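The following note goes through one model point by point. Cut-offs are given where a term first comes up.

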Amino acid sequence: MALGASFVSAAATPIRQLTNTQASNIRPAWSPDGKQIAFQTNRDGPYHIYVMSADGSNVRQLTSSDADDRHPAWSPDGKQLAIDSGDQTNREIWTIDVGSRQRTQITKLGGIASFPSWSPDGKRIAFYVYQAGSMDVWAAMTDNGSNPLRLTHNLATEENNQCTFACHSVAWSPYSNRLALSDGDSSRVLLMSAVGGAQTPISPPDERSHFPVYLPDGRLVYVTEHISQDQSWTDLWLVDPNSGAPRNEVAREVQVQGPFEFNADASQILFASPRTGNFEIYAVTLDDAGKAALATKPEHINPDQVSQVPQASGQNALGLPTTAEPYLLAFGLLALGAVAAEGLVRRRRRAKT
């Protein structure tokens, strides 16, 4: 059940809650025209993709079946979504026609392909692939998955004790010629050619920065994350990689860790948070009131209150998360717990290798 506009308008904060269920609702993505939001939710068992209006109304289910569907990304014309789908040992990239719900498989790589991202010209989809202890960025054509190309080599490896569980999709530049991504330690934002090659850092070396998003005018927004045992917050930065000018502050001391989805002019963001006890989707306008609300720490949420969904018989608890994904956790203790969970995933993968 999504929240109606009357609930949103009655709230005492400019942060607008768009979903209200007993499940995990995460990974929201704005449609190109800003009128719809795609997201993943486990309200009916495994994660499936749903679509709703920008105010949280008109919710409809787009995928079903036993497959686990995650990380929706809109095509530039708003007619299709790219997702990753599969199980804990094999995931591939698919596209879904939003009108007919028809599915088309794009990749057949035999690994864990995740976090698709559509190029603005509509010709290619970039994604991460985990295979044999390493994670890299790949790209393939959107029509039938032809010409799959590995764009990085050992971006993150278990041998180097790096996280090989992708945390966010790569970002395409407006002309589809460059990509922005996080390094293997999720600590710096990198730029590289859309056909691969050298990677150039654009964020300071002494920070933990990731989740880059390209805006239509060629500027980049990214998150700098601060985590300690007793508190956590994030800063949002805006930078023009073409000008070399210093970065500008978008919002400071945000009490949500991201990732964030920005609308076309970066005036609004979407995010998921467990501030009500389980993960729900929120939107906020980045005016003075919105920024102040984001910097206000929500009431403490006990991690045990986060919604849990029973696992299917025989499912291994050390595989893909069945509730809210670790890198979405919005408070310091939850974030530190996520690091431990990802370590268990890495150890399981080493054992399989």
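1. Aspartate 84 and arginine 91 are both buried, where buried means under 20% relative accessible area, exposed over 50%, and partly exposed in between (1.4 Å probe, protein chains only). The two residues form a salt bridge, with 2.9 Å between the closest N and O atoms; the criterion is a side-chain nitrogen of Lys or Arg within 4 Å of a carboxyl oxygen of Asp or Glu. A network of salt bridges links Asp84 and Arg91 with Asp68 and Arg70.

2. On provenance, this is a predicted model, in which local features need pLDDT of at least 70 and side-chain atom pairs count only at pLDDT 80 or more, while totals for chains, interfaces and linings use all residues. Residues are numbered from 1 along each chain as its sequence is written, and side-chain values use heavy atoms, with hydrogens and water left out.

3. Aspartate 84 has a further partner: its side chain makes a polar contact of 2.6 Å with the side chain of histidine 71. A polar contact is a pair of N or O atoms within 3.5 Å; within protein, one must be able to donate a hydrogen and the other to accept it, and residues adjacent in sequence count only if both atoms are side-chain atoms. Histidine 71 sits in strand β6 (residues 68-74) and counts as buried because its relative accessibility is 7%.

4. The protein chain contains three helices and 25 strands. These are DSSP runs numbered from the N terminus, helices being H or I of at least four residues and strands E of at least two. Of the 353 residues in the chain, 55% are buried. The accessible surface is about 15100 Å², and carbon and sulfur atoms hold 49% of that; areas come from the Shrake-Rupley method with a 1.4 Å probe, and for residues only the protein chains shown count as cover. Taking contacts (heavy atoms within 4.5 Å) between residues at least 6 apart in sequence, 44% join residues at least 24 apart.

5. The largest nonpolar core has 23 residues, and Leu236, Phe260, Phe262, Ile269, Phe271 and Leu294 have the most contacts inside it. Such a core is a set of buried Ala, Val, Leu, Ile, Met, Phe, Trp, Tyr and Cys residues joined through side-chain atoms within 4.5 Å. Elements that each supply at least two residues to this core include β19 (209-214), β21 (232-239) and α2 (288-294). Strand β22 gives the most, with three residues. Beyond its neighbours within four places in sequence, phenylalanine 260 is in contact with Val213, Val223, Thr234, Leu236, Val254, Ile269, Leu270 and Phe271. Another core lies apart from this one; it has 17 residues, among them Ala126, Met135, Val137 and Ala156.

6. An open antiparallel sheet is formed by four strands in the order β15-β16-β17-β18, two strands being paired if DSSP finds at least two bridges between them. Strands β15 (171-172) and β18 (200-201) are at the edges with a single partner strand each, so one side of each has no neighbour in the sheet. Five bridges join β16 (residues 178-182) to β17 (residues 189-193), with alanine 180 opposite leucine 191. Two bridges join β17 to β18, and leucine 190 has proline 201 as its bridge partner. Four of the five residues of β17 are buried.

7. Which salt bridge ties together parts that are 40 residues apart in sequence? Glutamate 207 forms a salt bridge with arginine 247, the closest N and O atoms being 2.7 Å apart. Glutamate 207 is in the loop between β18 and β19 and arginine 247 in the loop between β21 and β22, so the pair connects these separate parts. Arginine 247 is partly exposed, with a relative accessible area of 24%. The search of the whole structure finds ten salt bridges.
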